[in-house]
Amino acid sequence: MTQGVPQSNLDLELLAAELRKHSDDLSLYAGFLLNVLSAALPPELVQVRREGRWKARLAKREPAVLGVSVSVGSHLYVLDRAEVGAHPVAKICHESGGVVMSSRAVTADEWSRGLAADLIGIAGSNAAAAAALQKLTAL
């Protein structure tokens, strides 16, 4: 397997535990995770949704990341919030040919575990996914 990729389920459990630790303030956790994912994942895997420039400019900051959609194989992992500070909604979708066939709301923990497992699955053949997984497990 690629260097820096978690070698066991223990690494996956540690990642999930770290993510759960941050879930006490779910809106803060979502902002943190959205920023990490949008910066760490390769562009072919992730779509980022940001708030409007005018709203950010009025708040005297860069536009915040409000949502990410990560496509890995037939799974689409969506983490989205209505605005900065809002609680996120986590969904795992099944897609085929770019069409969402099913969608279900999940907990942040289930979402994180599923995404980590799918990233481990492609990390051996995708160096950018391996680097993103390395960043996520270094939380």
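# Notebook: one predicted chain

**Entry 1. Overall layout**

Reading along the sequence, I wrote down the pattern α-α-β-α-β-β-β-β-α-α. The protein chain has 139 residues, and buried residues make up 40% of them. I looked up the accessible surface, which comes to about 7,800 Å². Carbon and sulfur atoms account for 55% of that surface. I then took the contacts between residues at least 6 apart in sequence, and 47% of these join residues at least 24 apart.

**Entry 2. The sheet**

In what order do the five strands stand in the sheet? I read the order as E1-E2-E3-E4-E5, in an open sheet with antiparallel pairing. The edges are E1 and strand E5, residues 99-106. Each of these has a single partner strand, so one side of each is left without a neighbour in the sheet. From one strand to the next, the twist averages 20 degrees.

E4 and E5 pair in the antiparallel sense over seven bridges. In this part of the sheet, His94 stands opposite Ser102, which is in E5. Next I looked for a helix on the sheet. H4 packs on it and touches E2, E3, E4 and E5. The direction of H4 makes about 140 degrees with that of E3.

**Entry 3. The nonpolar core**

I looked up the largest nonpolar core and found 17 residues in it. Leu37, Val70, Trp111 and Leu115 have the most contacts inside this core. I then listed the elements that each supply at least two of its residues: helix H2 (26-40), strand E2 (65-72), strand E3 (75-80), strand E4 (89-96) and helix H4 (108-123). Which element gives the most to this core? E2 does, with four residues.

I left aside its neighbours within four places in sequence, and Leu115 is then in contact with Leu37, Val70, Val72 and Tyr77.

I found Val48 in strand E1, which covers residues 46-50. Is Val48 buried or partly exposed? Its relative accessibility is 36%, so I put Val48 down as partly exposed.

Val70 is 22 residues from Val48 in sequence and 8.9 Å from it in space. Leu66 and Val48 are 18 residues apart in sequence and 7.8 Å apart in space.

Leu66 lies in strand E2. Its relative accessibility is 4%, and because buried means under 20%, Leu66 counts as buried.

**Entry 4. Salt bridges**

How many salt bridges does a search of the whole structure find? It finds three. I went through them one by one.

The pair Asp80 and Arg49 forms a salt bridge, with the closest N and O atoms 2.8 Å apart. Asp80 lies in strand E3 and Arg49 in strand E1, so the pair ties together parts that are 31 residues apart in sequence. I noted Asp80 as partly exposed at 27% relative accessibility. Arg49 is partly exposed too, with a relative accessible area of 36%.

Arg104 forms a salt bridge with Glu110, and here the closest N and O atoms are 2.7 Å apart. Arg104 counts as partly exposed at 44% relative accessibility. For Glu110 I found a relative accessible area of 33%, which is partly exposed.

The side chains of Arg113 and Asp109 also meet in a salt bridge, at 3.4 Å from N to O. Where do these two residues sit? Arg113 and Asp109 are four residues apart in helix H4, so about one helical turn separates them. Arg113 has 29% relative accessibility and counts as partly exposed. Asp109 has 24% and counts as partly exposed.

How values were computed
Residues numbered from 1 in each chain as written. Predicted model: local features only at pLDDT ≥ 70, side-chain atom pairs only at ≥ 80, totals over all residues. Heavy atoms only, no water. Core = buried A, V, L, I, M, F, W, Y, C linked by side-chain atoms within 4.5 Å. Buried < 20%, exposed > 50% of the residue type's maximum accessible area, 1.4 Å probe, protein only. Contact = heavy atoms within 4.5 Å. Areas by Shrake-Rupley, 256 points an atom, 1.4 Å probe, with all protein chains shown as cover. Salt bridge = Lys/Arg side-chain N within 4 Å of Asp/Glu carboxyl O. Pairing = 2+ DSSP bridges. Axes fitted to C-alpha atoms, helices over the stretch in contact; angles between N-to-C directions.
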